[in-house]
Amino acid sequence: MRSAVSALLRPRRWRMVPVAVVLLVASVLSAGGFGVSWALAANDSDVELAVTRDRVSRVGKQAVINFNSIDHRRVKQDMRRAIDGTTGPLREVLEGSREQRVEQVTKAKSVTEAEILASALTELNTRQGKARMIASYKITKTEDGGKPTTSRWRVRAELTRTDGQWKLNRMTPSAG
């Protein structure tokens, strides 16, 4: 009886071998294909550009926030942070008006906080180290513990790569 059962099962086992081989070959080919795709993507200049674009966008947003946020309790730190995130004409304006701004903020006991609502890079030239962005943000200002006021702004900003770091170079109000 045992030999009759064995005889029936043996052909079934052998029928599964080609199926197993086909699955094994398909798995190896899929793994190879995904490996090649991964290697190509890892060395793709488009990926590098996307990473740079995201980094410049993040730096630009933070620079706009730093430029527009100042707290009378840490006014000198906030001014230093704003100046450190800028270069060129914008930095010159901040450095030239630093003492006046510190005095105004301290005297009014004001707290000004900026929040980015939306932003986008409109241009990125990594060879020249130049980028342009647009941003919409709101500023909430409170003076001497009074009621906060809010204003909304839209700006066009330019960033420049200086000593390997992207910094805000120009910022102008934008209509619409």
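Tutor: Before we begin with this predicted model, keep in mind that contact means heavy atoms within 4.5 Å.

Student: Leaving aside neighbours within four places in sequence, which residues is N68 in contact with?
Tutor: N68 has its place in helix 2, which covers residues 45-68, and its side chain reaches the backbone oxygen of V64 at 2.9 Å. Once the neighbours within four places in sequence are set aside, the residues in contact with N68 are T112, A114, Y137, I139 and M171.

Student: Is N68 buried or exposed?
Tutor: The cut-off for buried is under 20% relative accessible area. N68 has a relative accessible area of 11%, so the word for N68 is buried.

Student: How far apart are the closest N and O atoms in the salt bridge of D84 with R80?
Tutor: Side chains of opposite charge can pair when their charged atoms come close. D84 and R80 both lie in helix 3 (residues 75-84), where they are four residues apart, about one turn of the helix. In their salt bridge, the closest N and O atoms are apart by 2.8 Å.

Student: How many residues apart are K138 and E115?
Tutor: K138 forms a salt bridge with E115, with 3.8 Å between the closest N and O atoms. This pair links distant parts of the chain, since K138 is in strand 3 (residues 130-143) and E115 is in strand 2 (residues 110-125), and their separation is 23 residues.

Student: What accessible area do V17, V21, V25 and L29 have together?
Tutor: Among these residues, V21 lies in helix 1 (residues 2-42) and counts as partly exposed at 44% relative accessibility. V17, V21, V25 and L29 form a nonpolar patch on the surface, and their accessible area together is about 340 Å².

How values were computed. Residues numbered from 1 in each chain as written. Predicted model: local features only at pLDDT ≥ 70, side-chain atom pairs only at ≥ 80, totals over all residues. Heavy atoms only, no water. Helix = DSSP H or I, 4+ residues; strand = E, 2+ residues; numbered from the N terminus. Buried < 20%, exposed > 50% of the residue type's maximum accessible area, 1.4 Å probe, protein only. Polar contact = N/O pair within 3.5 Å; in protein donor to acceptor, adjacent residues only side chain to side chain. Patch = residues over 30% accessible without salt bridge, like charges linked within 9 Å, V, L, I, M, F, W, Y side chains within 5 Å. Areas by Shrake-Rupley, 256 points an atom, 1.4 Å probe, with all protein chains shown as cover. Salt bridge = Lys/Arg side-chain N within 4 Å of Asp/Glu carboxyl O.
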